[in-house]
Amino acid sequence: MALLEIKNVTRRFGDFAAVDNVSLSIEAGEFFTLLGPSGCGKTTILRMIAGFYLPDSGQILLDGKDLADTPPEKRPVRTVFQSYALFPHMTVAQNIAFPLKMARCAPQDIQKRTRETLEQVRLADKAEHYPNELSGGQQQRVALGRALVSHPRLLLLDEPLAALDAKLREEMQLELISLQREVGVTFVFVTHAQDEALALSHRIAVMNRGRVEQVDEPSKLYGFPQSRFVADFIGHINMMDAQVIEAAHGHTRLAIPGLGEITAPPVAGVTAGGLASGAKGAFAIRPEQVRIGIHGEAAELKNHFPGEVRNLLYRGDVTVYKVHLANGLMVEALLPNSAPGRAEIFEVGDTVSIGWRHDAGVFLHA
Amino acid sequence: MRKEAGRRGMGLWVAALAVYAFLYLPLLIVVIYSFNDSRLNAEWVGFTWHWYDVLLHDEDMLAAAGNSLLIALTSSLMTTILGTMAGIAMHRYRLKALTFMVMTPVAMPEILLGVSLLLFFIQILNLTLGMVSIILAHITFSIGFVAIVVRTSLAGMDESIFEAARDCGASPWRTFRHITFPLILPSVVAGGLMAFTLSIDDFVITFFTAGVGVSTLPLRIYSMIKIAVTPEVNAVSTLLMLLTLALIVLASRIAPSVLRFKT
C-alpha cells in the first residue's frame with residue numbers, strides 16, 4: 001500500500017477548479033515532485049495534504065487512513081514553506097525545538113533531538129542566533145531542521161529553493177538529495193522549475209490546469225512525454241504536425257506535411273493496428289537528438305532533410321543551431337563542443353543536412 | 001539657481017518655525033508660569049515650587065487625580081484586551097462591516113459620542129452616572145485605537161508563520177500563545193499606553209458621562225479655570241503634560257508605528 005493516496009480529489013475556488021479530479025499515489029521513501037506552471041494546482045494539492053485546505057470531493061489517505069477530519073496540527077506531515085516561515089522571535093534552536101515542545105516531549109529529549117538536528121542541518125554554531133541574522137541558505141536549513149526534527153511521515157516542500165540565487169540553489173539541491181537519503185522521509189516537492197524537478201525527483205507528476213498530465217520517472221518524462229504539454233514544458237523540444245501512415249508493432253510511419261515521410265518509434269501503449277492510419281498528432285524530438293551535418297552527409301540516418309542555418313547560439317558547452325527546413329519549419333539542433341579547439345562549424349546561411357535516428361522522438365496523439 | 005533654492009529653503013524653515021512656535025509656545029508658557037511666584041499669570045516675578053506644594057495639599061485635586069488614574073488604568077486594561085481581540089478579528093476575517101463598527105467611534109465627534117453615551121446609560125441601561133459609566137465610555141472610544149495598531153502589526157507579518165505553527169503541531173490556541181501573542185505584544189502594549197493617555201486627558205466624553213459625584217483631573221481643571229487660571233492649574237497641567245508625553249514616547253519606542261494613529 002502506498003504511503004499517501006490521493007483519490008479523485010477536486011478543490012474549487014469559486015467557479016475555478018484549482019485541482020480537478022486528481023489521483024496520485026506516493027510510496028514511502030520516495031522523492032516525489034509536483035511540477036507545473038504557476039496556477040496549475042500543485043500548491044493547492046500540497047496545502048490539502050498539509051490540511052490547510054480541505055478537498056471539495058475525493059479523499060486523501062495517509063497509511064490508508066482518511067485525513068479529512070484531522071486538523072493540520074494532528075497530521076504527521078510537515079511543510080517547508082516558500083518563505084521559510086521561521087518564527088522571528090525565537091532562536092534557531094527554539095525554532096527547531098518547537099514541534100517537539102508542541103508534542104510535549106520531555107525536556108532532555110527535546111534538548112537531545114534539537115542538538116542532533118542542528119548537527120544534521122549543519123547549524124550547530126548558529127543555535128543561539130535569530131533567523132534575521134542568517135543568510136537565505138541558512139534560514140532554509142533551519143526550516144528543514146524544524147520540519148524534520150519530529151520525524152514526520154511526509155515532508156512537503158513548497159518551492160523551497162525559489163528564493164535562493166542560482167549557485168546556492170544548486171548546492172541546496174544536492175543537500176536536499178543527500179538529506180532525503182539520510183533521513184529516509186518521503187518528500188513531496190512542489191516546483192515550477194523543470195530542471196530542478198528532473199535533478200531531484202524519483203518520480204514527477206506534471207500538472208496543468210488542475211489536472212495531472214503524466215506521472216513518471218524523470219528520464220521517462222523527458223524521453224517519452226505523453227502529451228504536447230509535457231513535451232513542451234520539460235526541456236526544449238522540436239514539435240511538428242504529423243499524421244500516421246502506419247502504426248505497426250516495431251515502428252510508426254508518419255507523414256510530415258511538406259517534408260515527407262519519417263520513421264518513428266512505436267507509440268507507447270498502442271499495440272499493432274491500435275492507432276488508425278490517418279490519425280493526426282505531433283512528432284516531437286529533442287534538439288540533442290537531431291544531428292546536423294554538411295549537406296549530403298547524414299544520409300545513413302533514416303530520417304534526413306536538407307535545410308539552411310538561420311541562427312546559431314554559442315553557449316560554450318554546446319552550440320544551438322536553428323535550421324530552416326523546406327516546409328517552413330524551424331528545427332533546433334544541438335551540437336556539443338566537446339572536441340578541443342573546435343568552435344562553430346556552421347555559419348548562418350550554410351546549407352546543411354539534418355537528421356535523426358528512426359528510434360528517436362515520439363509521436364504525440366493529439 | 002542655487003541661491004534661489006537656498007532662499008526657498010529658508011522660507012520653508014521660517015514657516016516651519018512659526019508653526020512649531022504656535023504649537024509649542026502656549027505649552028511652554030503654561031510650564032513656565034507654573035513656577036511663577038505670583039497669583040497672576042501676568043508677569044514673571046520669581047521662581048517658586050509653591051504651586052506644586054499647593055497642588056499636593058489640594059484634597060479635591062488629589063481625589064480627582066486618583067479617579068483619573070483609576071479610570072485610566074481600568075479602562076486601558078479592558079480596552080487593551082478588547083481592542084486586541086478586535087484587531088485580530090479585523091485582520092483575520094477582513095469584514096468591511098467589522099472594521100467599520102470598530103473604527104467608527106474613533107472618527108465620531110466626541111460631543112456626539114458623549115451625548116449618545118449619556119442617553120444610552122441613563123435611558124437604556126438605567127445606570128447611575130459615575131466611575132462605571134466613565135470607564136465604559138472610555139473603553140468605547142479607545143478600542144478602535146488599540147485595534148488598528150494590532151491589526152497593522154499583524155498585516156506586516158508573513159501569514160505562513162501562523163500556518164507553520166499549526167503545521168508544527170500547535171493547536172489554534174497554542175499558536176496564539178506561542179507565536180501570535182509574542183509577536184504582537186509590542187503593539188498591544190503600545191496600544192494600551194495610548195488608551196491610557198487618551199483616557200487620562202479626555203474631557204468632553206467624561207464631562208457628559210461623569211454625573212455629579214465624580215470628578216476627574218480634566219474636569220477639575222475646567223471647573224477651576226471657570227474662576228481664574230491660577231498657577232495651580234498651570235502646575236497640574238504641567239504634570240499631566242509630562243505624564244502624557246512620557247507615555248507617548250514609551251509607546252512609540254515599543255512600537256514605532258503607533259504614532260501614526262495618534263489623532
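Predicted model: local features only at pLDDT ≥ 70, side-chain atom pairs only at ≥ 80, totals over all residues.
I began with strand S1 (residues 4-13) of chain A, which is joined by 5 bridges to strand S4 (residues 57-62) of chain A, the two running antiparallel.

In chain A, 4 strands form an open sheet in the order S2-S1-S4-S5, with antiparallel pairing. Which strands are at the edges? I found strand S2 (16-26) and strand S5 (65-66) of chain A there, each of them pairing on one side only.

I then turned to the strands around S19 of chain A. Strand S15 (residues 291-294) of chain A pairs with strand S19 (residues 351-356) of chain A in the antiparallel sense, over 4 bridges, and within this pairing A:Ile294 has A:Val352 of S19(A) as its bridge partner. Strand S16 (residues 303-314) of chain A also pairs with S19(A) in the antiparallel sense, over 6 bridges; there I noted that A:Glu308 stands opposite A:Thr351 in S19(A).

Helices of chain A came next. I looked up helix H4 (residues 136-148) and helix H5 (residues 166-183) of chain A, whose axes come within 11 Å and cross at roughly 20°. Angles under 35 degrees count as roughly parallel, and H4(A) is therefore roughly parallel to H5(A). I recorded the crossing of H4(A) and H5(A) as right-handed. From H4(A) the contact is made by A:Gly136, A:Gly137, A:Gln140, A:Leu144 and A:Leu148, and from H5(A) by A:Leu168, A:Met172, A:Leu179 and A:Val183. Sorted by class, this contact has 6 nonpolar and 3 polar residues, with no charged residues.

I also checked how chain A divides into domains. The domain assignment gives domain 1 (4-230) and domain 2 (236-365) of chain A, and the C-alpha centres of these two domains lie 39 Å apart. How many residues of domain 1 are in contact with domain 2 of chain A? I found 5 residues of domain 1 in contact with 6 residues of domain 2. On the side of domain 1 of chain A that touches domain 2, the residues divide into 2 nonpolar, 2 polar and 1 charged.

My next entry concerns the contact between the chains, which takes 16 residues from chain A and 15 residues from chain B. On the side of chain B that touches chain A, helix H7 (160-167) and helix H8 (172-200) of chain B each supply at least two residues, and the largest share, 6 residues, comes from H7(B). By class, I have this side of chain B as 7 nonpolar, 3 polar and 5 charged residues.

B:Ile161, B:Phe162, B:Ala165 and B:Arg166 of H7(B) make the contact with B:Thr175, B:His178, B:Ile179 and B:Thr180 of H8(B). I have the residues of this contact of H7(B) with H8(B) dividing into 4 nonpolar, 3 polar and 1 charged.

Methods. Residues numbered from 1 in each chain as written. Chains lettered and ligands numbered in written order. Domains from an automatic or database assignment. Contact = placed C-beta atoms within 7 Å. Nonpolar A, V, L, I, M, F, W, Y, C, P; charged D, E, K, R; others polar. Pairing = 2+ DSSP bridges. Axes fitted to C-alpha atoms, helices over the stretch in contact; angles between N-to-C directions. Parallel < 35°, antiparallel > 145°, perpendicular 65-115°, else oblique. Left-handed = near helix turned anticlockwise from the far one by under 90°.
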